[in-house]
2 protein chains.
Amino acid sequence: MTDESERLARVVLSRIGEPGDPRLTDLVHELGGSRVLASLREQAADRELGADLAERLESTDPAKELERAAARGIRFVVPGDTEWPTGFDDLAHAPHLHERGGVPVGLWCRGALRLDEATEHAVAVVGSRSATTYGADVATGIAATLAGESWSVISGAAFGIDQAAHRGALAGRGPTAAVLACGADRAYPAAHRNLIDYIADVGVVVSEAAPGCAPTRIRFLARNRIIAAAARGVVVVEAAVRSGALNTASWAAGLGRTVMAVPGPVTSAPSAGAHQLIRARDALLVTSGEEVLEAVGPMGAFALADPRESEGPRDRLSGRERQVLDAVPLVRAVDSGSIARTAGIAHTRTKDALLVLHRAGLVEHALGRWRLATEPAETA
Amino acid sequence: MTDESERLARVVLSRIGEPGDPRLTDLVHELGGSRVLASLREQAADRELGADLAERLESTDPAKELERAAARGIRFVVPGDTEWPTGFDDLAHAPHLHERGGVPVGLWCRGALRLDEATEHAVAVVGSRSATTYGADVATGIAATLAGESWSVISGAAFGIDQAAHRGALAGRGPTAAVLACGADRAYPAAHRNLIDYIADVGVVVSEAAPGCAPTRIRFLARNRIIAAAARGVVVVEAAVRSGALNTASWAAGLGRTVMAVPGPVTSAPSAGAHQLIRARDALLVTSGEEVLEAVGPMGAFALADPRESEGPRDRLSGRERQVLDAVPLVRAVDSGSIARTAGIAHTRTKDALLVLHRAGLVEHALGRWRLATEPAETA
């Protein structure tokens, strides 16, 4: 358990600092919130800090902050809490991106689901806001499959793929977490107020930004690292070539998470980012929730059989019968002697095999000549 | 130049043997056709060979075979000929597949295009006979791009992707070669008689099987290795999970050729084989002819720029202006002091930057408060 003064120090730091500002996160991870806050106050007294920051340091009342947050159903989870997911500590060693990074000083959480439970078996499903119906359908399907195995779906509650992923998880009655760039009490986009509130009812809404904070671009970039850290792997469903989803994929790669991408038509611009990731071997191509689980699940737990077509009549033949079948012409019928020569098998044995193939409906026979009964399969 | 007796010996071996039978190809590659044929004739005299094979050995008149072939516009190209592509010799060291393999004893060619020219800068484009319009369009487009750079398109003249690939090459007035499983004088499928004859007019039709031979499954499997050997790389456009196109890809991998695959919707069965190849890291994902050329062309000749969206107004900002922009809220406007705090930049400098951003149309201003002018880009 984190002691109360450390928690209160981190509330102040969360309120006055920017999400993912590594000048703050890295220092607090190493020295603790109380020590960093004390040092800031000393600097303020020495007038080394700007008057504005010094004023805010003094005026922020952490106990009141927690009280106001609690009134909105929001709790502040910090490292050391039983609810704190150890996975977030990986951020201490991941490379910074866009001058953001580090372990959050704390996370503001709204919802019944515990943060450690929401992230224990979790996959992030992210992608374009301007998704196609194809992409949305695939995201929903993957999320539903994850939900069916009680895996959490982490996403950002945005339009398009994010929304489809949350909905797939909710439809499958699986756990889901929405990580926001604004305060956990706010809804961005506003049109997703109901979706976000529903996620808070049955899952959890998470933000590194303090309650009331507005969404800004830098907060989205910092938010993406929380999505990546919260999951075992990230699935990019559709993403433009320069997009938040690819930013999340970069965070995931830096964190050693499994990066996956769903392909689509090469003629579809929203799939270009996914294709770019796969081409660069930065992501594993996945086509289903089962393949996602195989990639992120415990070794062998979700191992898939090699994709093969179902067994055909050909698979039930002996080696010699197959050899003879392979020598039967597709179009113009020939006599059994010619087939024997092509197959390189004695004439009498060839005739025996042809009878078996005839019974199996694989060859046709007329006027002493043989040909295949049907068009050759794709295997030809 | 190959001496005439060696060529005639290989004609006999091509007529009496099966395409890609490694008992024949490997021996002939090592010892030469004359020696292998002489040995077969000795065995026949000793009655070690079947009566039928002995009879055919005697009755085959290679000079007449060449004459009859020439009457149909077909020549017999053997190793050592100036027209023989050295790339085919790689087959001597490639693993056998389905008990087929080895350097062909010779190739029957119909068409004006020399075999070495058809294969010098060549890419094979193969795929499903039951292609979708999406797959056919992509195959045609890739082939047309290759044609535009005077690269050859090698394929098998089948329905679906093969046909689309040849047509793309022909439309782009590029060289193209059709490698058949039946004799070079025949047309399989019969519906492609015109296409195959047209390829013989402007390109070349190639077969390891002697003229008149019927297509059989084993000849398709042997044929696929010729397609793979003829090209620098193989592009699989659409392919079922157990298909000839994947067989060609296996040959290409064994030959050290570049294997590429075009993705498609994960909901489309004909793309399953291509996705399987990419998932297994057996193939590079490609989305265009340009990417194909980049993969198979001489180092750097077709290097593509990193795929990026075109430069936006954001790219023309200074670092500080971008920092301020990243701190402007998306929805609810705030005063410049709040933006300065979020950005961590002095208030006067923030105000200067906001003016620049306002002139660029990136932020809106009303009643002393600022917000982003538009919905954030996907980059958020």
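Q: Leaving aside its neighbours within four places in sequence, with which residues is Val123(B) in contact?
A: The model is a predicted one, and a contact here requires C-beta atoms within 7 Å. With neighbours within four places in sequence set aside, the contacts of Val123(B) are Leu146(B), Trp151(B), Val153(B), Ile154(B), Ala231(B), Arg232(B), Gly233(B), Val235(B), Val292(B) and Val296(B).

Q: Which residue in E7(B) stands opposite Val125(B)?
A: Strand E3 of chain B covers residues 122-126, and strand E7 of chain B covers residues 233-236. The two strands pair in the parallel sense over four bridges. Within E7(B), the residue opposite Val125(B) is Val235(B).

Q: Which strands of chain B stand at the edges of the sheet?
A: Nine strands of chain B form an open, mixed sheet in the order E1-E2-E6-E5-E4-E3-E7-E8-E9. An edge strand has a single partner, so one of its sides is left without a neighbour in the sheet. The strands in that position are E1 (74-77) and E9 (284-285).

Q: What angle does the direction of helix H13 of chain B make with that of E8(B)?
A: Helix H13 (residues 289-296) of chain B packs on the sheet and touches E3, E7, E8 and E9 of chain B. Its direction makes with that of E8(B) an angle of about 165°.

Q: Which residue of chain B comes closest to the rotation axis?
A: Chain B superposes on chain A by a rotation of 180° with 0.0 Å of shift along the axis, at an RMSD of 0.2 Å. That is the relation of a two-fold axis. At 2.3 Å (C-alpha), the residue of chain B closest to this axis is Gly264(B).

Key:
Residues are numbered from 1 along each chain as its sequence is written. Chains are lettered from A and ligands numbered from 1 in the order in which they are written. This is a predicted model: local features need pLDDT of at least 70, side-chain atom pairs count only at pLDDT 80 or more; totals for chains, interfaces and linings use all residues. Two residues are in contact if their C-beta atoms, placed from the backbone, lie within 7 Å. Copies are superposed by least squares on the C-alpha atoms of residues with pLDDT of at least 70 in both. Two strands pair if DSSP finds at least two bridges between them. Axes are lines fitted to C-alpha atoms, for helices over the stretch in contact, and angles run from 0 to 180 degrees between N-to-C directions.
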